[in-house]
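Subject: Handover of a structure and its findings

Dear colleague,

Please find the structure below, handed over for your own work.

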Amino acid sequence: MGDYLITPKLLPGERIDQLYSQEIKIIQSPQVFSFSLDAVLLANFAKPPLKQKGELVDLCAGNGAVGLFMAPRVKGSIAMVEIQPRLADMARRSVALNQLENKITVYQQDLATIYNQIRKDSVETVVCNPPYFADLPDSKKNPNQYLAIARHEIATSLETVVEVTSGLLKTTGKAFFVYRPDRLLDLTSIMANHRLAVKRLQFVYPKPGRDANIVLVEAIKDGQMTGLKVLPSLMTYDESGDYSEPVKKMLYGD
């Protein structure tokens, strides 16, 4: 990349942040969307496609954080799918900011229609940070519509996300999700119904002595429903309230 990057036009309230461990810059807006630690955890947990031309698809891409953070490790192409026009536009401008237009394509559309852009059974890796909360009549939603759609199953459902993930993947292709532990059984049962066998789990805890608040999940299409590995726990903060060493490394590098 280098120092000659051209700063894209920023809309009111937007700023440029950097993931220093990857030298990736990203356009953010607290009024619209800013990536959370979940995106960094998922990008670190997920394994990129091994093949030179292997494609990675980032569903529910938001402002493109996960795909951008994985870009230095992906040899092939990356497709980002995001239904909200404003977020997809932010993602496109961040792709241009990092001079990754030849590697990353952003599709602003409902992921349920993505087969008209990406063939079924053609993808090696799918990553997804889906909406965490069911769209229940009594569920309290953020008044900010951008955030409400990102956090609640308003524009899509977990069933649809998993079904499309499985539909995109080749046999033995891999899916990587970040999700809430209290809905883990929902996720794993839906995955099983759509030919995805869970192979790795990692629980993330906010700090020592607290319950896990994030779970990272790896599944394989048409894999055996055996051989699950639960990785060592990850702490977000240490006992002094600072980021733990593993999280510091993800954010800032060595």
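The accessible surface of the chain comes to about 12,300 Å², and 51% of that surface belongs to carbon and sulfur atoms. Accessible areas come from the Shrake-Rupley method with a 1.4 Å probe, and for residues only the protein chains shown count as cover. This is a predicted model, in which local features need pLDDT of at least 70, side-chain atom pairs count only at pLDDT 80 or more, and totals for chains, interfaces and linings use all residues. Residues are numbered from 1 along each chain as its sequence is written, and side-chain values use heavy atoms, with hydrogens and water left out.

Overall composition

The chain has 254 residues, of which 51% count as buried. Here buried means under 20% relative accessible area, exposed means over 50%, and partly exposed is in between (1.4 Å probe, protein chains only). The chain contains seven helices and eleven strands; these are DSSP runs numbered from the N terminus, with helices being H or I of at least four residues and strands being E of at least two. Among the contacts in the chain with a separation of 6 or more, 69% are between residues 24 or more positions apart, contact meaning heavy atoms within 4.5 Å.

Helix 1 (37–45) is largely enclosed by the rest of the structure, because eight of its nine residues are buried. The buried residues are Leu-37, Asp-38, Ala-39, Val-40, Leu-41, Leu-42, Ala-43 and Phe-45. 

Helix 1 packs against helix 7 (residues 245–252) at an angle of about 90°, with the axes 10 Å apart. The axes are lines fitted to C-alpha atoms, for helices over the stretch in contact, and angles run from 0 to 180 degrees between N-to-C directions. Helix 1 and helix 7 are therefore roughly perpendicular to each other (angles under 35 degrees count as roughly parallel, over 145 as roughly antiparallel, 65 to 115 as roughly perpendicular and the rest as oblique). Leu-37, Val-40, Leu-41 and Asn-44 of helix 1 make the contact with Val-247, Met-250 and Leu-251 of helix 7. By class, these residues are six nonpolar, one polar and none charged; Ala, Val, Leu, Ile, Met, Phe, Trp, Tyr, Cys and Pro count as nonpolar, Asp, Glu, Lys and Arg as charged, and the others, Gly among them, as polar.

The loop between strand 2 (24–28) and helix 1 holds Ser-29, which is buried with a relative accessible area of 0%. Not counting residues up to four places away in sequence, Ser-29 touches Gly-13, Glu-14, Ser-34 and Met-90.

Asp-242 is in the loop between strand 11 (234–235) and helix 7. Asp-242 is partly exposed, at 41% relative accessibility, and touches Thr-236 and Tyr-237 when residues up to four places away in sequence are not counted.

Helices 5 and 6

Helix 5 (residues 158–168) and helix 6 (residues 184–193) pack at an angle of about 40°, and their axes are 10 Å apart. The two helices, helix 5 and helix 6, are therefore oblique to each other. Leu-158, Glu-159 and Val-162 of helix 5 meet Asp-186, Leu-187, Ile-190 and Met-191 of helix 6 in this contact. Five of the contact residues are nonpolar, none is polar and two are charged.

His-194 is found in the loop between helix 6 and strand 8 (196–205). This residue, His-194, is buried, with a relative accessible area of 15%. Leaving aside neighbours within four places in sequence, His-194 is in contact with Glu-159, Val-162, Glu-163 and Ser-166.

Lys-170 belongs to strand 7 (residues 169–179) and is partly exposed, with a relative accessible area of 31%. From C-alpha to C-alpha, Lys-170 and Val-123 are 5.6 Å apart in space, although they are 47 residues apart in sequence. Beyond four places in sequence, Lys-170 touches Asp-121, Ser-122, Val-123, Glu-124 and Lys-221.

Most residues other than glycine have a negative phi. Asp-121 has a positive phi, near 55°; Asp-121 lies in the loop between strand 5 (104–108) and strand 6 (123–128) and is partly exposed at 44% relative accessibility. Cys-60 also has a positive phi, of about 55°, and is not a glycine. Cys-60 is in the loop between strand 3 (56–59) and helix 2 (65–70), where Cys-60 is buried with a relative accessible area of 18%.

With kind regards
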